[in-house]
Amino acid sequence: MARKLGKDFSFLPSAAARPDHDKRVQALDLARRLPALALSARQAAASAQAGLHGRRRAGVGENFWQFRPFIPGEAAQNVDWRRSARDDRLYVRQREWEAAQVLWVWADLSGSMNYRSDHGAQSKLDRALILALALADSTVRAGERAGWLGLTRLSAARDIVDSLAVALIAQERASDGAFADLPQAAPLRMREKAALIGDFLVDVADFAACLQRLSAQGARGHALMIFDPAEEDFPFSGQTEFYDEAGDLLRAGRAEDYAAPYQARLAAHREALAAAARAQGWTFALHSTARPASEALLNLRLALTADGAR
Amino acid sequence: MNFLPLSFASPWLLLVLAGAPLLYLLLRVTPPPPRRVAFPPLRLILDLKKPDATPARTPLWLLILRMALAALVVIAMAGPLLTPRGAVGAKSGSLVVLVDDGWPAAQDWRLRVEAAQSRLEAAARDGRPAAVLAFSELPKEGLTAQDAAGALNRLRAIKPKAFLPARAPALDAISAFLKAQKSARVVWLSDGLEDADGAAFAQRLAALAPGAEILRDLRGVQAIAGADNGVATLDAFLVRSTASGPFAGRVRALDAKGASLGDGDFDFANGLTAKASFDLPVQLRNEIARLEILGVHSAGAVKLLDAGSRRRRVGLIAGAADEPPLLSSLHYLRDALSPFADLRVAKPGAADPAGQLLDEGVDVLILADVNASAPALRKRLDAFLASGGTVLRFAGPRMAAARDDDLFPVRLRRGGRTLGGAMSWESPKPLASFDESSPFFGLTSPAEVTVSRQVLAEPDEGLNARTWARLADGTPLVTAERRGQGRLILFHVTADPAWSNLPLSGLFVAMLKRIVDRAGIVAKTTEPGANPGAFLPPLRILDGFGALGAPPAEAKSLPAGGLPAPDASHPAGLYGSAAAPRALNAFDHGMKLTPLDFSGLAFRLGDLAGPRPVDLRAPLLILAFLLALADALASVWLGGRWRKQVGSKKAGAILAGLALLLALAPPPARAQNVGQRDMEAALTTRLAYVVTGDPRVDRISREGLQSLTETLARRTSFSPGDPRALDPAHDELAFYPLIYWPVAPDRPQPAPEVARRIEAYMKQGGLVLFDTRDADMQVAGGPPTPAHAWLQDFLKNIDLPPLAPAPPNHVVYRTFYILEGLIGRAENGPTYLEALPPETGKENRPALAGDGVSPIIIASNDLAAGWASDSYGEALYPLDPGGPRQHELALRGGVNVVMYALTGNYKADQVHVRELLERLGP
């Protein structure tokens with residue numbers, strides 16, 4: 001549990017983790033600043049969901065595809081009478097089969113995320129939540145479908161930000177504010193995509209197992225590691241007592257002595273996470289809360305749409 | 001602790017230092033608390049715990065710092081005293097302090113008291129008995145030893161006196177004391193001057209108490225020896241006792257009421273005497289009652305001037321006017337009198353020279369060979385004498401020839417006497433020496449002064465008493481007689497060398513000066529019924545520091561003849577009557593400032609300004625405080641906050657800034673800020689609004705006034721500065737022509753003084769625009785709205801004119817635009833102004849106005865919300881009913897109100913200008 005001890009370097013109260021109105025507005029604001037996220041069209045081909053991406057074959061869709069001759073025995077309502085009136089045969093209008101891409105978003109809402117130092121613009125949790133909601137909104141506005149991994153169903157509704165927020169609050173109430181620090185979801189279907197946003201301060205093995213489970217059916221995704229500048233720079237010195245949300249304590253006589261080992265370990269941890277992601281065909285990126293959120297969203301969007309090159 | 005000049009007031013407190021090891025242990029086991037830091041990625045380094053991770057011990061240097069701090073406090077509490085080696089005195093035996101308390105000691109009295117005090121305090125610490133003896137107040141029952149605290153009290157009771165006490169009488173008491181107290185130590189705080197009997201006293205003291213300590217001020221004593229009211233300037237003559245280097249300063253002249261009349265600079269350079277001159281008009285010089293050396297506080301540095309120092313006005317009339325200079329009596333008189341008197345000579349050919357001179361207010365009238373028998377002249381002279389004037393007559397052929405002239409002190413024998421002439425049987429006579437009763441007593445009569453011819457007095461009874469000067473054979477030469485309050489004096493010779501060579505001698509000048517000096521005294525001190533020979537009671541007496549005060553009980557009356565020097569019964573000061581006091585000065589011409597010579601005597605000489613014991617308590621405590629500050633900084637540094645908060649590079653700059661902040665007291669800075677704001681407000685006329693405390697209302701006010709300001713600048717010749725938010729309780733209101741006050745009914749009422757300030761602001765011509773912002777809530781005939789109730793509550797303490805709804809042709813609707821009403825967010829709310837006088841006669845005037853500007857406007861349409869514009873000039877807030885026209889009308893209303901506040905009812909007259917021009921035209 002977070003303890004408010006000083007102005008700097010302390011956990012925020014858990015109430016700050018709610019996806020309240022301000023954060024939703026920020027998420028919407030952020031999403032509106034970027035063009036709607038249209039996931040890569042090639043990926044869309046195999047998807048069964050109706051969406052933007054024309055599949056060059058007749059199916060359920062909006063756009064005209066072709067007229068084909070009426071097959072006797074078909075329902076008469078299929079006949080396109082306007083076309084059929086031109087000659088003696090009956091025709092059926094076919095539309096192009098348009099499919100939608102699917103994006104599952106997930107953000108780490110656990111206690112370790114609820115942290116912000118003086119150098120960070122936002123707490124990690126706020127940033128992750130806003131990015132996730134913005135990504136979902138952006139996806140839906142592009143005509144795709146989105147959902148919260150392990151929490152909601154896919155939706156193409158315009159108010160997805162609100163519905164996700166409602167679901168998250170309900171989840172928070174149900175679980176008494178405790179969130180897992182990795183998604184506990186069943187494997188995703190092929191061609192579906194996922195965006196995981198969190199600080200991933202977990203065992204690399206757990207992280208790898210999670211990704212493996214998610215992509216067991218061929219789904220791919222992107223992991224974005226969010227960190228506070230203080231977590232990277234280690235700006236501590238003198239007598240310092242460190243604690244984390246799990247209750248661990250470390251008393252350092254000279255905190256500066258810990259800077260170099262910590263930074264080495266952090267780099268190793270990141271490298272291991274990236275390797276685990278690559279092993280499952282995922283991409284992995286870093287984002288500091290000192291940087292603007294739009295930068296992260298842009299990178300996320302690039303990563304999610306440009307994987308055709310892979 | 002003889003090896004160190006250090007002693008302690010309460011040494012037992014040092015035992016506390018024995019507890020230091022305990023403190024050492026305590027400090028060692030309680031290190032400063034670490035800083036707690038939340039750090040989510042902690043598990044990455046959780047296994048990195050190093051053996052030295054937790055400093056269970058305080059760092060050694062911090063330990064030393066804190067121990068030193070504790071030790072300093074303990075030592076300071078023990079009262080350490082650093083005694084310089086030279087000042088180390090005996091540790092046993094009683095102490096007797098002899099204090100010179102004449103006026104020469106007053107100059108550095110504080111030093112003397114401190115020196116005596118430090119020695120008495122040392123005695124008090126050691127529990128030695130002590131005694132204090134002041135030479136002016138010898139104890140009647142002899143000198144007895146008492147405890148040092150009592151001696152200290154005795155010392156504080158001593159004040160310097162305005163005379164020089166004799167020291168010899170104290171010797172008996174001192175020797176008795178020294179007999180009783182064998183190992184007594186003698187300290188003499190000497191003024192270093194011979195005074196009355198200094199050398200003899202010093203010798204006998206050296207014999208009585210060899211090795212006595214003498215403390216004197218090596219800088220010496222300054223005094224004003226005398227003052228001379230000369231021809232053009234009044235000169236003060238200064239002396240000092242030792243030529244201890246250059247000494248320059250200033251003498252100030254004060255009148256009887258203590259007002260400064262002028263300053264004169266003096267510079268001793270390296271000499272013993274100096275002069276300060278006052279170049280003042282003679283009337284002002286005569287007003288001078290006191291001269292004092294600035295910065296020197298002793299009775300000797302004060303010179304009291306009485307009537308004797310006034311420069312007299314002397315009128316001269318000669319019987320024969322047009323004689324060549326060397327034969328003219330006027331010539332000799334003028335030359336003799338001009339150094340010390342203000343001469344007036346009757347204009348040649350004046351009809352009534354005596355009357356003319358008397359009209360000029362002369363003190364002494366000299367008639368040289370003038371026939372004073374004319375009745376008119378005689379009458380004037382009698383009146384002059386009766387009122388206190390002095391008439392000095394010189395004999396001569398005309399006077400001797402006048403038959404019925406009898407204005408003489410003595411009866412004259414008709415016909416002169418010629419000595420040494422052809423018809424004479426005697427040679428010219430020299431002068432006899434002067435009697436003691438004569439005012440000329442003390443002057444030497446040179447043998448070469450001879451009289452060859454004179455008028456003779458009849459040997460009447462009382463002639464001797466009236467004679468001031470006589471010839472060697474006893475013939476009266478100068479006679480005088482009191483007439484009324486004045487004096488009539490006759491020189492039996494002429495004022496020119498025709499009858500005697502007296503006018504050629506210096507004696508002539510001295511005699512005239514005595515007469516002139518005495519003239520003033522006689523004229524002023526003599527009151528009806530007063531006996532001239534009586535004693536003069538003390539009037540105001542100087543204390544040793546040179547301040548005049550009520551006479552002490554021991555001051556006695558002064559003999560009329562005066563005293564050469566003040567003494568215990570007659571301290572320096574003013575004596576006689578308040579109208580014409582006689583001054584007795586502490587230091588005068590006759591006295592000398594002779595330094596006392598201690599050489600060859602068995603004394604230990606010390607300098608008053610020399611080293612004395614230093615109490616180390618305060619410096620030690622300050623040091624301890626600084627150490628405590630350093631300790632606090634160290635704790636911050638150890639806690640790691642230092643680098644986080646300030647960074648090591650900025651630390652120096654921040655420390656310097658802190659020191660600067662400490663050096664600059666905050667109050668001036670605050671005053672500067674206020675002054676700056678008011679100065680800006682005074683330099684640029686600007687609109688102002690009252691901060692209600694409701695952030696939304698205040699924001700609307702600011703935006704509304706900003707828009708109105710821009711509109712005014714664009715449309716009118718008035719370019720106001722940026723609008724200002726006012727706190728009516730603290731800000732100066734006088735700089736703002738118009739104050740907009742939106743009523744926020746949910747805010748508490750302002751303090752009562754706000755109502756007083758607003759009332760004062762209205763009284764001095766300000767205009768307050770209250771806006772109740774409740775036009776949409778008002779119901780005709782209904783209860784008052786909350787805003788109205790609030791405003792009524794506020795205004796009930798303010799003296800207001802009667803208010804009335806503004807008529808449509810009120811001048812406020814005509815000042816710039818022609819309007820129907822004041823419109824804001826709403827447009828139907830009423831507007832109240834000071835009620836106009838009832839209209840008489842002329843109906844349909846285009847604009848109505850009373851005398852002056854209404855001090856108050858109460859609007860209800862939420863004007864500021866109507867004025868507020870966005871960057872496109874459109875209304876920022878939704879208006880009711882709405883539209884750009886309403887926004888425009890609202891702004892026009894605002895412009896009109898500002899114009900009304902600035903121009904008053906001038907526009908009401910201006911609407912008539914066409915008619916006026918028509919009337920003026922042909």
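The structure is a predicted model, in which local features need pLDDT of at least 70 and side-chain atom pairs count only at pLDDT 80 or more, whereas totals for chains, interfaces and linings use all residues. Residues are numbered from 1 along each chain as its sequence is written, and chains are lettered from A and ligands numbered from 1 in the order in which they are written.

In chain A, 5 strands form an open sheet with parallel pairing in the order S7-S5-S8-S9-S12, where helices (H or I, at least four residues) and strands (E, at least two) are DSSP runs numbered from the N terminus, and two strands pair if DSSP finds at least two bridges between them.

Helix H8(A) lies across strand S9 (220-227) and S12 of chain A and runs at about 145 degrees to S12(A). H8(A) also packs with helix H6 (residues 204-214) of chain A, at an angle of about 20 degrees and with the axes 9 Å apart. The two helices H6(A) and H8(A) are therefore roughly parallel to each other, given that angles under 35 degrees count as roughly parallel, over 145 as roughly antiparallel, 65 to 115 as roughly perpendicular and the rest as oblique. The crossing of H6(A) and H8(A) is right-handed (a crossing is left-handed if the near helix is turned anticlockwise from the far one by less than a right angle, and right-handed if clockwise). From H6(A), A:Val204, A:Phe207, A:Ala208 and A:Leu211 meet A:His269, A:Ala272, A:Leu273, A:Ala276, A:Ala277 and A:Ala279 of H8(A), contact being defined by C-beta atoms, placed from the backbone, that lie within 7 Å. This contact of H6(A) with H8(A) comprises 9 nonpolar, 1 polar and no charged residues, where Ala, Val, Leu, Ile, Met, Phe, Trp, Tyr, Cys and Pro count as nonpolar, Asp, Glu, Lys and Arg as charged, and the others, Gly among them, as polar.

A further helix pair in chain A is formed by H4 (residues 124-141) and H9 (residues 293-305), which pack at an angle of about 45 degrees with their axes 10 Å apart. H4(A) and H9(A) are therefore oblique to each other, and their crossing is right-handed. The contact involves A:Arg127, A:Ile130, A:Leu131, A:Ala134 and A:Leu135 of H4(A) together with A:Ala293, A:Ala296, A:Leu297 and A:Leu300 of H9(A), and by class it has 8 nonpolar, no polar and 1 charged residues.

Between the chains, 31 residues of chain A are in contact with 23 residues of chain B. On the side of chain A that touches chain B, at least two residues each are supplied by strand S1 (10-11), strand S10 (240-243), strand S11 (249-252) and helix H8 (259-279), and the largest share, 5 residues, comes from H8(A). By class, this side of chain A has 15 nonpolar, 8 polar and 8 charged residues. Strand pairing also spans the two chains, as S10(A) and strand S2 (residues 35-38) of chain B pair in the parallel sense over 4 bridges, with A:Thr240 standing opposite B:Arg35 in S2(B).

Chain B contains 24 helices and 39 strands, and buried residues make up 39% of its 922 residues; a residue is buried if 20 or more other C-beta atoms lie within 10 Å of its own, exposed if 12 or fewer, and partly exposed in between, with C-beta atoms placed from the backbone. Among contacts in chain B between residues at least 6 apart in sequence, 77% join residues at least 24 apart. B:Asp342, in strand S17 (residues 341-345) of chain B, is buried, with 21 other C-beta atoms within 10 Å.

Notes. Axes are lines fitted to C-alpha atoms, for helices over the stretch in contact, and angles run from 0 to 180 degrees between N-to-C directions. Two residues are in contact if their C-beta atoms, placed from the backbone, lie within 7 Å.
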